[in-house]
Amino acid sequence: MRVLWFLIQKEFIQIFRNKALLPMMTILPVIQLLLLSNAASNEVKNVNIAVVDNDQSEFSKELTDKIMANKRFSLIATPFGNKEAMKYMQGNEVDIILQIPANFEKKFLRKEQPSMQVLVNAVNGQQATVGSGYLINIISTFNKSLIENVASFTMSKTNTATIVNRNWYNPELKYTHFMAPGILAELTALLTIVLSAMNVVREREIGTIEQINVTPIKKWQFILGKLIPFLCIGIFLLIIGLTVSKIIFNIPMRGSLITLFLYAIVNLVAVLGFGLLISNFANTQQQAIFVAFFFILIFILMCGLFTPIESMPKWAQYATIPNPLAHFISVARKVLMKGSGWAAIKMEFIYTLVLAIIFNTLAIISYRKQES
Amino acid sequence: MFKVFWAFVKKETYHILRDKRTLLILFGMPLAQILIFGFAVTNEFKNAAIDVLDHSKDQESKQLIQQMQSSGYFKLHNLLKSEDEMEAGFKNGDTKLVMVIPANFSSALYSNTGMKIQIIADGSDPNNANTLVQYANQMIHRFQEQKGDLSSNPYKIPIETRMLYNPQLRSSYNFVPGTIALILLIISAMLTSLTIAKEKETGTMEILLVSPLHPLIIILGKVTPYAVLSFVDVILVLLIGYFIFDVPVVGSLILLLIMSALYVITALSLGTLISTASKTQQDAMMRSLMGLMLPSMILSGFIFPLTSMPLVLQVLGHLIPATYFIEILKGIMLRGVGLEFIWKPFLILVFMTVVLLLLTWKNFKIRLQ
């Protein structure tokens with residue numbers, strides 16, 4: 001036990017001695033947390049539009065005004081022809097072109113149902129669908145008001161069902177409440193994987209590991225001695241990150257923080273075991289970084305932070321099971337936002353525990369005291 | 001002079017190619033990234049699990065539930081029996097949406113009495129909630145129109161929507177350019193900053209610097225192989241994009257390659273700048289990982305729309321080279337435009353590169369402390 005204590009002390013001294021690394025481990029993640037939580041929203045708030053008004057009538061002007069009045073649309077130009085409008089689109093200045101056909105007003109009054117053309121830049125499919133959806137909504141509302149003004153025809157409104165929509169847990173649909181815990185989980189995992197993956201191999205590279213190897217320290221003591229300090233850093237970062245998110249974004253904390261931290265400890269142990277495992281198999285820091293980075297990228301892309309796991313194909317959903325990051329994010333969101341308890345995060349906990357045991361056992365086994 | 005340089009580049013190239021882990025990053029990562037984005041990651045919502053609390057329990061309500069499922073967006077997870085059961089699905093994370101059908105559903109559908117359909121979404125994921133509520137709304141309205149027959153209105157504005165550049169709305173059209181930008185950045189900036197930092201850490205940089213080679217040649221020699229290899233990656237990603245995901249290059253391929261070359265230089269100068277500022281590999285790694293990768297991924301408009309972000313973040317996004325490169329790539333590959341439409345981002349990239357190179361030049365110390 002005393003041996004372990006000295007090992008841990010030694011690691012801490014080394015960590016705090018590195019003046020360049022310290023701010024990068026604390027300040028940089030917090031800044032990222034603040035910035036990125038705000039950025040990560042799929043909401044489409046601004047659509048740049050060009051209106052080609054070939055009708056120039058009372059109707060078409062009114063419609064243009066309606067679109068301009070909507071705060072989601074910015075009217076960039078009112079070009080005279082389709083060719084000119086397409087230039088704006090090609091230069092990426094507008095996202096949508098609305099073409100109002102000539103004699104639109106006349107035809108409408110003659111019940112000829114003149115059609116409007118909406119051209120959408122669909123490079124990003126989701127944004128295109130949402131953006132054109134807004135526009136189509138405005139046009140249909142405009143259509144309804146026209147009907148009421150122009151014709152005696154009235155639609156029977158009574159058999160339209162009212163759809164009452166409520167959003168639980170986050171009634172104002174604040175993106176930061178959703179993103180901040182996820183990004184925090186990601187940053188913590190990222191930092192601890194990189195630090196632990198580089199650590200043992202660094203000692204090997206500069207030769208200090210040989211000194212440890214000639215001492216009677218046991219393998220598991222060595223691995224634990226590496227693991228515990230980084231675990232402390234990870235937990236410290238989590239505390240800081242949660243505090244900052246609470247103060248700045250006022251994220252909800254409905255569940256038990258003890259549950260969250262107990263789970264976080266298991267998760268960090270799993271992640272660190274993974275990092276140490278990489279470290280054991282690498283000969284140089286560069287190799288360790290590359291391998292760690294390769295997995296980090298896959299972990300991040302497939303953890304459900306930016307895109308929902310439920311939308312992935314089945315095989316990809318199974319592929320998220322050995323991804324500790326995915327479980328961490330899921331647990332953080334459940335506990336903080338929905339106040340879920342142990343029963344609701346049981347599966348994540350079991351998966352993570354199994355991962356922690358596998359990674360760390362492999363790390364202890366693969367650690368060679370003698371260079372072959 | 002050139003012979004010495006060439007020999008140096010050759011030596012560096014051997015170094016890179018000998019190491020399997022470097023190759024994993026160089027060729028495995030672009031491959032993994034594009035395949036994950038192409039096959040696994042999508043912004044679309046499919047088969048979202050919903051619970052239904054059906055107070056009506058008749059032919060019509062069953063039809064509505066059936067119709068919502070047949071759209072492919074929703075999948076019935078649970079038929080609830082009472083209000084008390086609504087929360088359990090949310091807490092476990094099994095359910096995304098609960099729809100409550102009132103008892104007078106079918107009678108109200110044919111008569112003119114009003115009814116209220118309740119939709120409760122899991123707002124903890126705003127993105128999901130927003131989209132799913134919209135889908136559900138549309139589907140309920142359509143169901144009503146079919147049942148209630150509102151089509152007798154002659155005053156209608158039909159809207160023809162055309163999706164340009166990506167008529168099938170494939171997400172690959174968006175992620176292939178983004179992946180190219182990210183990969184080039186990671187390989188050019190991160191790998192070079194690491195190799196130079198490594199030479200410093202192990203002390204071999206001093207040996208190189210006292211050699212008769214000019215320091216500039218040394219840096220160039222280290223950088224050139226990565227530039228060439230990242231180019232191979234561009235071509236690899238383009239080929240996979242074209243043959244597996246049907247992403248075309250509508251515009252000029254030559255222009256595309258020239259722009260990629262420019263961006264590689266930008267990324268390389270970023271990498272050397274990072275390496276001049278860091279003493280150890282750990283340092284360099286932290287700076288490039290924390291400072292470059294995540295911001296470039298999130299603030300470049302690749303995943304999230306830049307114009308919807310708060311102003312501060314929009315400004316930050318415009319400081320990131322990837323933002324402009326992605327714009328250029330989309331212009332050339334998908335909209336098929338020439339230089340006349342992308343001269344603005346092009347000039348900004350050139351300007352950034354010059355500034356970065358000057359900064360690197362100023363920071364570069366021939367003597368190490």
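This is a predicted model: local features need pLDDT of at least 70, side-chain atom pairs count only at pLDDT 80 or more; totals for chains, interfaces and linings use all residues.
**Entry 1: the interface**

I started with how the two chains meet. I found 112 residues of chain B in contact with 114 residues of chain A. Next I looked up the area. The size of an interface is often given as the accessible area lost when the parts come together. Here chain B and chain A bury about 10,800 Å² between them. Of that area, 64% is on carbon and sulfur atoms. I then asked which three residues of chain B supply more of its buried area than any other three. They are B:Tyr155, B:Ile157 and B:Gln282, and they supply 8% of what chain B buries against chain A.

I turned to polar contacts. Between chain B and chain A I counted 18 residue pairs in polar contact, with both residues at pLDDT 80 or more. Helix H11 of chain B, residues 281–298, gives the most to the side of chain B that touches chain A. Its share is 14 residues. By class, that side of chain B has 57 nonpolar, 34 polar and 21 charged residues.

How many salt bridges cross the interface of chain B and chain A? I found 1. In a salt bridge at 2.9 Å, N to O, the side chain of B:Asp122 meets that of A:Lys338.

I also checked for strands that pair between the chains. I noted one pairing: A:Thr162 has B:Lys116 as its bridge partner in S4(B).

**Entry 2: salt bridges**

Side chains of opposite charge can pair when their charged atoms come close. Over all chains, I got a count of 12 salt bridges. I followed some of them.

The side chains of A:Glu203 and A:Lys10 meet at 3.1 Å, N to O. This pair links distant parts of the chain, 193 residues apart. A:Glu203 sits in helix H7 of chain A, and A:Lys10 in helix H1 of chain A, residues 2–17. Are the two buried or exposed? A:Glu203 is buried, with a relative accessible area of 5%. A:Lys10 counts as partly exposed, at 25%. I found both in a network of salt bridges that links A:Lys10, A:Glu11, A:Glu203 and A:Lys226.

Then I looked at A:Lys334 and A:Glu348. They form a salt bridge, with the closest N and O atoms 3.0 Å apart. A:Lys334 is in helix H13 of chain A (residues 324–338), and A:Glu348 is in helix H14 of chain A (residues 346–366). They are 14 residues apart. I found both A:Lys334 and A:Glu348 buried.

In chain B I picked B:Glu199 and B:Lys222. The closest N and O atoms of this salt bridge are 2.8 Å apart. B:Glu199 lies in helix H7 of chain B (residues 172–202) and B:Lys222 in helix H9 of chain B, so the pair ties together parts that are 23 residues apart in sequence. Both B:Glu199 and B:Lys222 are buried.

**Entry 3: a buried aspartate**

I stayed with helix H9 of chain B, where B:Asp233 lies. B:Asp233 counts as buried, at 1% relative accessibility. What does B:Asp233 contact, leaving aside its neighbours within four places in sequence? I listed B:Leu26, B:Phe27, B:Pro30, B:Ile183 and B:Ile187.

**Entry 4: positive phi**

Most residues other than glycine have a negative phi. I noted two residues that depart from this.

A:Tyr169 has a positive phi of about 70°. A:Tyr169 lies in the loop between S5 and helix H7 (175–206) of chain A. A:Tyr169 is buried, with a relative accessible area of 10%.

B:Asp246 has a positive phi of about 60°. Its loop runs between helix H9 (215–243) and helix H10 (253–277) of chain B. B:Asp246 counts as partly exposed, at 43% relative accessibility.

**Entry 5: strand S3 of chain A**

Why is strand S3 of chain A largely enclosed by the rest of the structure? Because 5 of the 5 residues of this strand (96–100) are buried. In a regular strand the side chains alternate between the two faces of the sheet. I found both faces of S3(A) covered. A:Ile96, A:Leu98 and A:Ile100 are on one side, with A:Ile97 and A:Gln99 on the other.

I then looked up the partners. Strand S1 of chain A (residues 47–53) runs parallel to S3(A), joined by 5 bridges. There A:Val52 stands opposite A:Gln99. Strand S4 of chain A (residues 116–121) pairs with S3(A) in the antiparallel sense over 4 bridges. Here A:Leu98 stands opposite A:Val118.

Terms used
Residues are numbered from 1 along each chain as its sequence is written. Chains are lettered from A and ligands numbered from 1 in the order in which they are written. Side-chain values use heavy atoms; hydrogens and water are left out. Contact means heavy atoms within 4.5 Å. Buried area is the accessible area (1.4 Å probe) that two parts lose on being put together, summed over both. A salt bridge is a side-chain nitrogen of Lys or Arg within 4 Å of a carboxyl oxygen of Asp or Glu. A polar contact is a pair of N or O atoms within 3.5 Å; within protein, one must be able to donate a hydrogen and the other to accept it, and residues adjacent in sequence count only if both atoms are side-chain atoms. Helices (H or I, at least four residues) and strands (E, at least two) are DSSP runs, numbered from the N terminus. Ala, Val, Leu, Ile, Met, Phe, Trp, Tyr, Cys and Pro count as nonpolar, Asp, Glu, Lys and Arg as charged, and the others, Gly among them, as polar. Two strands pair if DSSP finds at least two bridges between them. Buried means under 20% relative accessible area, exposed over 50%, partly exposed in between (1.4 Å probe, protein chains only).
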